[in-house]
Amino acid sequence: MAEPRDNVEANAGAEDAPGAESPEVESENVTPPSWRELWQVPALVGSVVALGASAYLAFSSRPSVDYEGLLRRGEILLEQGKPLEAIDELNARVFPFEARGKLPPEARGRYYLLLARAMFQGQRQLDVDNTENHERILQAFADAEASGAVIEDHDRESIVRSHLALGRADLAAESAERISNAGRERRHELLKRAIELELSRANKDYGPALGLMERMLADSELDGEGRAWITQRQTDVLIEQGYQDEAIAKLLRELQRLGDIDDSIRADLLLSLSRAYLDAGAAEQAKDQLARVGELVPASDDRMGEVLWLEGLALEAMGEGDAARERLLAVLVEYPSSSAVIPALHEVGQIEARLDEPDSAVLHFERLVEVLKDGRVHPRVPRELVVETLVERSEGVAARDRWDLARRLGRLAEDLFEDADPVPEVLIAIARAERGMAMDLMGYATDPIGTLAAEDGRYLQALDPATREEARRHLIAAGSLFLRHARTQVVPDYDAFGDSLFLAADSFDRAGDQSEAINAFQEYTEAFPNDPRRAEARLRLAQAFEARGETDLAIDGYRTLIADSNDPSVKNVGIFADLSYVPLARLIARDNDETNDAEAERLLRLIVDGVVVRDPDTALYRDGVFELGSLLLNSGRYAEAITTLNEALQRFDGDPREIEARYRLAESSRKDAERIERELGHAIPPSERAVLETRRARRLESAVALFEQTIEDLSQIDSRRIGRTRAEMLRNSMYFRAASVLALGDAERAIELYDEAYARFPEDPASLMALTQIVTIRMSQGDMERALVSNERARRFFRALPEEVWDDPYLPMGRADWEAWLNATTELASVDEGDGPP
C-alpha cells in the first residue's frame, strides 16, 4: 500500500481520543518528529518509508473504527487555519490504518485529499517553497483522486500552483483547464500564469507558449479582456522574433474586433502597437500611439513610465537627443517603481555614452545594476543585454585610456553574475582595465606588452609607496583575471587561451609576483612549443628565477637560450638569446666563485666588442658596458673600470641607472687612489712619484665631484620612493666623499662632511664610521681634548646599537677602520689618565 508523500513520519504512539479507536503499537518506539520539526528540512525523502519499515503496527481486534470521526478532526483543524496540527493529527490517527492497508477507499481518498490540502496550506503559512513538498502535494492529490475523492476547483488551483512552482507549465495548464466554468476567472488567471512561465524561459522557444495561447483562445468562456491579453502576448512574441509588420497588422485588426473594451486594456494594446512601430522604424507613428495611451491612462499609473520610456526611444530615433534624455530621466524621477526604470536607465546610459559623457553614463549604469540585483526585471532589457552593453562601453572608454571607468563598467557587469562565474567577455574586459590602470600609474603612454619587464622594477621603485602598491595591486588583479579568462578558452579558442595566459604571466612579472609569473610562463612554454613568443617566455622565466633568488635555474635558463641560438632547428630565439648574455654574466660574476669570473668577462666582451650586438646605441650594449665596468671594479681593475664606466655614464644620459653608474665610477676613482697610495709607499724614483701623486690627487678630486653629484641627484628623490639600494648609495656617498676630502689633506672640510653625514643618518650604524674618523682626525691634529669628546660620542653611539646590526656586509666601516678606532681609543685612554702628552 502506498504511503503519504509528506515530510512527516507517523506518530504511532499518540494517545486515543475519547470515542475513537486507535491502533496499538507492538514495539516501543521513540516518538517520531512532527511536521513542524521536519517541514523546513531540505532533504527528507523517504522519512515516512523509513518509519513504516521500522515500526510494526498491530491493530486491535475491535470490529469497528470511526474513520469519519478521525478524518473530521483533521478537517476541523484545517477549517481553523491550523494545517500543521492537521498534518500531525492525520499522521497520528489515520496513517497507521493506511500503512496496514485497512483504510476503505472512500476514507483513503479523503485522507489523502486532506493531507494534500494541509501540506499546501502549511507551506504557504510557513512561507516555504520546497520542491520536494510540491512533489508530495501533487502525489497526495493524485492518490486522493485515484481513490475516488472529489477534487474541487480550489484543489485544482493548488495543483496548478505546485506545477508552476516546479516549472511544469503544460501540466499546470491541463489542471487549470479542468476548473469548472464557475471558476473561469481563476481558470483564465492561472492559464495566464502558465503562459507567462513559458514566455520567461531563457531558451526563447515560444512554441509551447503560443500553443497554450491557442488553447486559451478556444475557451468559449474567454471574455474580451482575456482575448486582448492573449493578443498582446502574441504580438510581443512576433515583435521579439522580428515580425514587426505582422505584429502591427494583427494589433490593428484586433483593436477593431475587440470594439468597446476597457480603456486600460486598450492602453495595453496601444503600448504593444507603439513598440511594434518603434521596432519597425516608424517613430512618428509610435509617438502618435503613445499620445493616445497618455489619454487613456491616468498620470498616477506606472504604465506612464513605459510611455515616457518609449517616447524617449521615439524622440532619439527622430534625432531629438536632448528631448529623448529628458523623457528617460523623467521615468526615473516620476515613476521609480515602474518596470520601465530598467530600460530607461539602460537607454539614458547609452545616450550619455554616445554624447561622450562617460562619467554620467557610469552613474546610471550603476543604478541599473542595483535595480536588477534587487530582483526587478524587464523583458526588453534582460541581464544578458546589460552585460553586453557594459562590456561594450568598457571597451569604448578603454580605447580612450579611461581605465578607471573601464574598470568600473567591467566590475558592474561582473556584479550581475553575483555568485556565478562571469562570461569570458567580462573577465577579459576587467583584466584589460586593471592592467591599463597599472600602466597609467607607472607612466606608460601605451601598454608595453611585447617589451621586457626588466625595467619595470625601476619604474615601480620611482613611485611613492602608495602609488607603487596600487600599481602592483592592479597588475596582480589583471594577472588573475587574464588567467581565469585563459582557463575558459582552452577548448573554444586556443589562440585566445595563449594570449591571455601570456598576459597573465606578463602582469604577474611586472608586479613582482615571481611565483605566479613562473607558474604562468612555465605553463606557456609547455603549452606552446612552436609559438613565436615562447623564447621570450623562456627569457622571462629565467629573469623571474633570478629575481626569486633561484640562481642555478636562472643560469640554466640563460645558458640554454644562448645555446639554442646556434641551433637552426630552434626558431625565434635570436634577440632573446642576445638578451641572456648580460644577466648570465652578472650571475656568474656574483656567485662568489672567482674561477668563473673569466667566463663572465668573456660574455660581456662579446657584447662590448660588437660580436653579439653591433649598434652601440642599443640598450643591450649599454647594459653590457655597465656590467663590464662593475665587474672590473669588483675585481680590483680600477683603471679599466674607470674607462668602461665613463663610457657607460655617457651612454646612460637620462637612464634610471645613470646615478648608479656615476656612483660606481666614483668608487672606482676612490679605490684607484687608494691603490696608488699603496704604490707610493714603496721605494720609487722621484719623477715617477710625482706622476703618481698627481694621478692620485686627480682620482680623489674626480671621486669627490662624482660623489657630490650622486648625493645631489639622490637627495632630490622623495625618501618614500628612494628604495633601500639607493638609500645605501646615498649614505655611502656621503661617507666616501668625506674620506676622499680627507685623503686630499683638507681635514677641517672632512670633519664638516663627516658631521653632515652623521646628521643625515643619526641612527644608521654606518654613522659610527663618521664619528670614529673625526676622532682620528682630531688626534692627528694634536687636539686630544676634542678628540676625547668625539671619542666619547662615538662610544655612546656604538653602545646604543644592537649587536646584530654589524652583520650587514654593506656597511662602509671595514676591519681597518675598526683597528684604527681601537688604536685611537687606547691612545686616548692613556692621555685621559695623564700618561700622554697634554
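Which side chains meet in a salt bridge at 2.7 Å, N to O? In this predicted model, the pair is Glu 599 and Arg 559. A salt bridge here is a side-chain nitrogen of Lys or Arg within 4 Å of a carboxyl oxygen of Asp or Glu. Glu 599 sits in helix 31 (residues 597-608) and Arg 559 in helix 28 (residues 551-564), so the contact ties together parts that are 40 residues apart in sequence. Helices are DSSP runs of H or I with at least four residues, numbered from the N terminus. Glu 599 is partly exposed at 23%, and Arg 559 is partly exposed at 36%.

Residues are numbered from 1 along each chain as its sequence is written, and side-chain values use heavy atoms, with hydrogens and water left out. Because the model is predicted, local features need pLDDT of at least 70 and side-chain atom pairs count only at pLDDT 80 or more, while totals for chains, interfaces and linings use all residues.

By the salt-bridge rule, the count comes to 80. Another of these pairs joins Arg 110 to Glu 68, at 2.5 Å, N to O. Arg 110 belongs to helix 6 and Glu 68 to helix 3 (residues 67-79), so this bridge connects parts 42 residues apart in sequence. Glu 68 is partly exposed, at 46% relative accessibility. A further pair, Arg 737 and Glu 708, meets at 3.0 Å, N to O. Here Arg 737 lies in helix 36 (residues 723-743) and Glu 708 in helix 35, so parts 29 residues apart in sequence are tied together. Arg 737 is buried at 3%, whereas Glu 708 is partly exposed at 30%. Salt bridges can also link up into a network, as they do for Arg 435, Asp 506, Asp 509, Arg 510, Glu 536 and Arg 540.

Helix 35 (residues 686-715) also holds Leu 692. Leu 692 is buried, with a relative accessible area of 5%. Leaving aside residues up to four places away in sequence, Leu 692 touches Ile 676, Glu 679, Leu 680 and Ile 684, where contact means heavy atoms within 4.5 Å. Pro 583, by comparison, is 109 residues from Leu 692 in sequence and 37 Å away in space, C-alpha to C-alpha.

Glu 185, Asp 223, Glu 225, Asp 260, Asp 262 and Asp 263 form a negative patch. For such a patch, residues need over 30% relative accessible area and no salt bridge, and like charges are joined within 9 Å. One of its members, Glu 185, lies in helix 10 (residues 184-199) and is exposed at 68%.

Most residues other than glycine have a negative phi. Asp 127, although not a glycine, has a positive phi of about 55°. Asp 127 is found in the loop between helix 6 (105-126) and helix 7 (131-146), and is exposed at 73%. Asp 356 likewise is not a glycine and has a positive phi of about 60°. Its place is in the loop between helix 18 (341-354) and helix 19 (358-373), and Asp 356 is partly exposed at 49%.

Note on methods:
Helices (H or I, at least four residues) and strands (E, at least two) are DSSP runs, numbered from the N terminus. Buried means under 20% relative accessible area, exposed over 50%, partly exposed in between (1.4 Å probe, protein chains only). Patches are made of residues with over 30% relative accessible area and no salt bridge: like charges are joined within 9 Å, nonpolar side chains (Val, Leu, Ile, Met, Phe, Trp, Tyr) within 5 Å. Accessible areas come from the Shrake-Rupley method with a 1.4 Å probe; for residues, only the protein chains shown count as cover. Lys and Arg count as positive and Asp and Glu as negative; His and the chain ends are not counted. The place of a charge is taken as NZ of Lys, CZ of Arg, CG of Asp or CD of Glu.
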